[in-house]
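Have a look at the model first, then work through the points below.

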Amino acid sequence: MTIYLKLFITCLFFLYTSDIYSQSISGKVTEDSNSEPLIGAVVKIAGTGNGTLTDIDGTYILESLNPGNYDLEISYIGYTTVSIKNVKVINGENTKIDVTLKVDGLTTEEITIESTPTLANEQSLLNEQKNSSKIQDGISEQQIKRAPDASASDVLKRVIGVNIVDNKYVFIRGTSERYNNTTLNGVEVPSSDADKKSFSFDLFPSKLLENIIIAKSFTPDLPGNFSGGLVQLNTKDFVDQMIVNFETGGSYLNGTTSKGNYYSYNAGQDKILFFNSGMDDGGRSIPSNFPQEKFTGRNNYGKTLKNNWMQENRKAPVNGGFQLSLGNRFNIADNPLGVLFSYTYRNGFENSDIQRNEYNSDTSTLINYKGRSSKYTVLNGGLFNVNYKAGNNNKFSFKNTYSINSEDNTQYYEGVYRVVADYDRKLYATDFIERSLLSSQVSGSHYISNLSSLNINWNASYSESERNEPDTKTTFYQRELGTEDPFFTPLTTIPSANVGQRFYSKLKDIKRNFGTDFEMKFLKLDKRNNSKIKLGTFAVGTDRNFEARNFAPANAGSFLIGFEPLETIFGEQNIDSSKLYYVEITDKSDKYSAVENLYAGYLMFDIPVDRLRIIAGLRFEYNEQKLNGFVRQTGEPIDVNHRNNDYLPSVNLTYSLSDKSNIRMSASQTVSRPELREIAPFAFIDFTTEGQLAGNPDLKESLIQNYDIRYEIFPDAGEIISLSLFYKHFDQPIEKIIVPTLQIPIPSYTFGNAKEGAINYGLEIELRKKLGFISRSLSDLTFNANLALVNSKVNLEGLQTAVSETERRLQGQSPYTINTGLFYDNYDLGISANLLYNRFGDKISEVGRSGFYDVMEKGRDQLDLSISKTFLGNFEAKFAVKDLFNQDKIYTQKFIINGDQEVEKEVRRYSSGSSYGFTLSYKY
């Protein structure tokens, strides 16, 4: 709370102590061929002495203008002058005009443009994509605002070739999170999950984003540890004038809101004012009287454990949230300083009805459960950015982002259990997971014109990611199947993790980055273009500490305790060394510390030859991974020390067929390294699937060869047609594999290198087109569609896998992904309407346990609708429906019976509901 108050007060100070200017014109001037900023371009109002020069970002601002229409002239030595007629300046507003200049000689006369309202944000992003040195896709702030998407994970599923798994993890071009990477404002972010490399994208509010760009081909100035894509999250930067934005709203989830069927238990969260913070209030912490070291034997420590097992039904209120943004731009020493503060808060209640089945190989039922999971989520985050430009050639930035995301789950299931014996069972579980991300970055950009137009960029950053899982509780009651006997909890003298467990874990990742880049003109190969050379260094250090503790009850001989109800069985009155007592069943391997250091340097050339542009170079990365832990069960110390030297070459070719079309080709080598969690022997049992997952210290990195070709056309502003083909070869990909166990059917997994390799290939098609070419009456409509077809093959020879398969698709890879959208934007009426459709194909959700086929997640259709209207000048109302079809999430498994008969059985089904939301916003 203290951080937020300080930031808020600071922003208010900047906001109201600065000089508030009125009308203005601002924008960015870039080179048409590569979208690079033109520094020192002249921007002036025709017929007057009012003018300015563009700065290091190519941006300009003309201030203190009277309302009316103006003609602009933009010129730069060696480039054709552009005149823009009838630029309209409105009282109290900033008019944004971005301009691209062509090299002189490509045209024979001055270019004149009539100013009209455009989708500048989206148009700018596509222009950058057209002129990019690499193959990339993205989504603009304008598109983000259109959709009913609350987090970055919701936004990303709109991008071509992207799938979202578990509502948080990104799969790009059919490759899992291990083959993708994430940066925030150009800086790598630490993992926010104990079990995965991936950044959890549900952690980041969409309202804080300016755009998301996904690099799909590698250039040496990018991190080398990705293959599918590098997701680049970019937050809002400089503001052109004072802004005050406030938005608030709520949503109704059918099947949850006000139904009286929402499960909850007695536990709470810290408050920010009167809002839940998303952080535990301390009630779930390990009691202070518990010893720091592992303890066994009879004791009374468990008396201080909070008895909050009881689950109660309640009415879930309407989901709600708000967003506040404050910003201003003013002068210090005749140079602009920009300050931006933004804070977003959202909470939500959601019920999911769940069915879970397990079968023998002959399809006879082993487990048949039905129940409900009630989830309460809190997502809140803020950013505080300060930018200062010293003259036209120097820029300094201080960017800070902080985000908290938590999930509070209450689960209840009942049904048949026939694994060891035949029982009726009732299962209870609660868990609370809080995740936080702090990222602070200091960076600078400097331009030296008389030194071959040298650009120097540097940045230093500190990122901290935490994941806390306090007091996960699981237990069950059972009775002999088909009887009317009372249910009881099978408490024995041997403590079991499934009966009365209290599990605690903490993960903390700290990542420190420092990088420098130098770019300058190299050779002039023709009259129009200069080649460039770019080189840089990069260093990143990651420190991870993970610790888990697990406590379970042992029965000292009181048989009747097992028949007590859930609200009393683990109460203080029963916790006694002569009745029921808690002992620690933590394994030595449930704690580890790790360090990962990466040092890199690169050299690349950008060489234009007539219509061909060649971007080629080499990146060198030295990586070391060190981990200290213990071997599971034996408790022997284990020290992992992996060191690798990787040479990562890259060639990207772009041939401009015309000013509006390109052919791109790319070939590169990248690397996928084991995640620290994957080399740690820590094992975790999932309550829903009952699968146990442990790391493998012997994992090796995998080198990937990537090949891409793309044909793209940009017919008009904001439009694109593209066709892409890609092929990837993995020399020894890391795959989840089976560990033989006597605890069948409870599966046990670890990770291994598929030494025979894997391939991944596919096709992507994208179309974004305004419909005005059909009829003028359709000029406000835009159609957007993209399709990704992907296939992959992993050679499983030598690995412990399901049945006798020798190959399969990559886990989590969908054979196809479809996104379509119909957008209506009427600038004059202030009306926007958007219809969005998404579908993915069946994909492997879980690797099949020994003797069984893989579990498949069935494809489903999702349709979203949003309608917004501005009114009274500064207000906007928006109505949105998310997941109109409300199709269940279904998971199936294939079985072969009678030798050759194939049968598909449903193993899990999740039902939730559609969301209907309304928001009201004010913008000054």
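Two strands count as paired when DSSP finds at least two bridges between them. By that rule, strand β1 and strand β8 (residues 99–101) are a pair: they run in the parallel sense, with three bridges. Keep in mind that this is a predicted model. The chain has 924 residues, and 56% of them count as buried.

**The chain as a whole**

- You'll find five helices and 52 strands in this chain.
- Take the contacts between residues at least 6 apart in sequence: 70% of them join residues at least 24 apart.

**Strand β1 and its partners**

- Strand β1 covers residues 23–31 and is mostly tucked away, with eight of its nine residues buried.
- With strand β4 (residues 59–65), β1 pairs in the antiparallel sense over five bridges. In that pairing, Ser 26 stands opposite Ile 61.
- With strand β7 (residues 94–96), β1 pairs in the parallel sense over three bridges. Here Ser 26 stands opposite Lys 96.
- Back to β8: which residue there is the bridge partner of Thr 30? Thr 100 is the one.
- A handy rule for looking at strands is that, in a regular one, side chains alternate between the two faces of the sheet.

- Strand β13 (residues 180–184) is joined to β14 by two bridges, and the two run antiparallel. Leu 184 has Val 187 in β14 as its bridge partner.

**Nonpolar cores**

- In soluble globular proteins, nonpolar side chains tend to be buried together.
- In this model, the largest nonpolar core has 28 residues, and Leu 491, Phe 570 and Tyr 582 have the most contacts inside it.
- Several elements each supply at least two residues of this core: β24 (365–389), β25 (394–417), β26 (423–448), β27 (454–480), α5 (566–569) and β30 (580–584).
- Apart from that core lies another one, of 21 residues, including Ala 41, Ile 45, Leu 62 and Ile 97.
- What does Phe 570 touch, leaving aside residues up to four places away in sequence? Its contacts include Trp 309, Leu 491, Pro 553, Ile 575 and Tyr 582.

**A nonpolar patch on the surface**

- Some nonpolar residues sit on the outside: Tyr 252, Phe 871, Leu 872, Phe 879, Leu 884, Phe 885, Tyr 916, Phe 918 and Leu 920 form a surface patch with about 840 Å² of accessible area together.
- Strand β52 (residues 915–923) gives the most to the patch, with three residues.
- Leu 920 is found in β52. Is Leu 920 buried, partly exposed or exposed? Its relative accessible area is 36%, so Leu 920 is partly exposed.

**Salt bridges**

- Side chains of opposite charge can pair when their charged atoms come close.
- The structure holds 44 salt bridges.
- In one of them, the side chains of Asp 708 and Arg 173 meet at 2.5 Å, N to O. This pair links distant parts of the chain, 535 residues apart: Asp 708 is in strand β37 (residues 702–713), while Arg 173 is in the loop between β12 (169–172) and β13. Both residues, Asp 708 and Arg 173, are buried.
- Glu 621 and Arg 673 also meet through their side chains (2.8 Å, N to O). Glu 621 lies in strand β32 (residues 612–630) and Arg 673 in the loop between β34 (661–672) and β35 (683–685), so the pair ties together parts 52 residues apart in sequence.
- Why does Glu 621 count as buried? Its relative accessible area is 1%, and buried means under 20%. Arg 673 counts as buried too, at 8% relative accessibility.
- Arg 664 and Glu 712 form a salt bridge, with their closest N and O atoms 2.7 Å apart. Since Arg 664 lies in strand β34 and Glu 712 in strand β37, the pair ties together parts 48 residues apart in sequence. Arg 664 and Glu 712 are both buried.
- Salt bridges that share partners join Asp 137, Arg 173, Lys 216, Arg 664, Asp 708, Arg 710, Glu 712 and Glu 764 into one network.

Conventions. Residues numbered from 1 in each chain as written. Predicted model: local features only at pLDDT ≥ 70, side-chain atom pairs only at ≥ 80, totals over all residues. Heavy atoms only, no water. Patch = residues over 30% accessible without salt bridge, like charges linked within 9 Å, V, L, I, M, F, W, Y side chains within 5 Å. Areas by Shrake-Rupley, 256 points an atom, 1.4 Å probe, with all protein chains shown as cover. Salt bridge = Lys/Arg side-chain N within 4 Å of Asp/Glu carboxyl O. Helix = DSSP H or I, 4+ residues; strand = E, 2+ residues; numbered from the N terminus. Buried < 20%, exposed > 50% of the residue type's maximum accessible area, 1.4 Å probe, protein only. Core = buried A, V, L, I, M, F, W, Y, C linked by side-chain atoms within 4.5 Å. Contact = heavy atoms within 4.5 Å.
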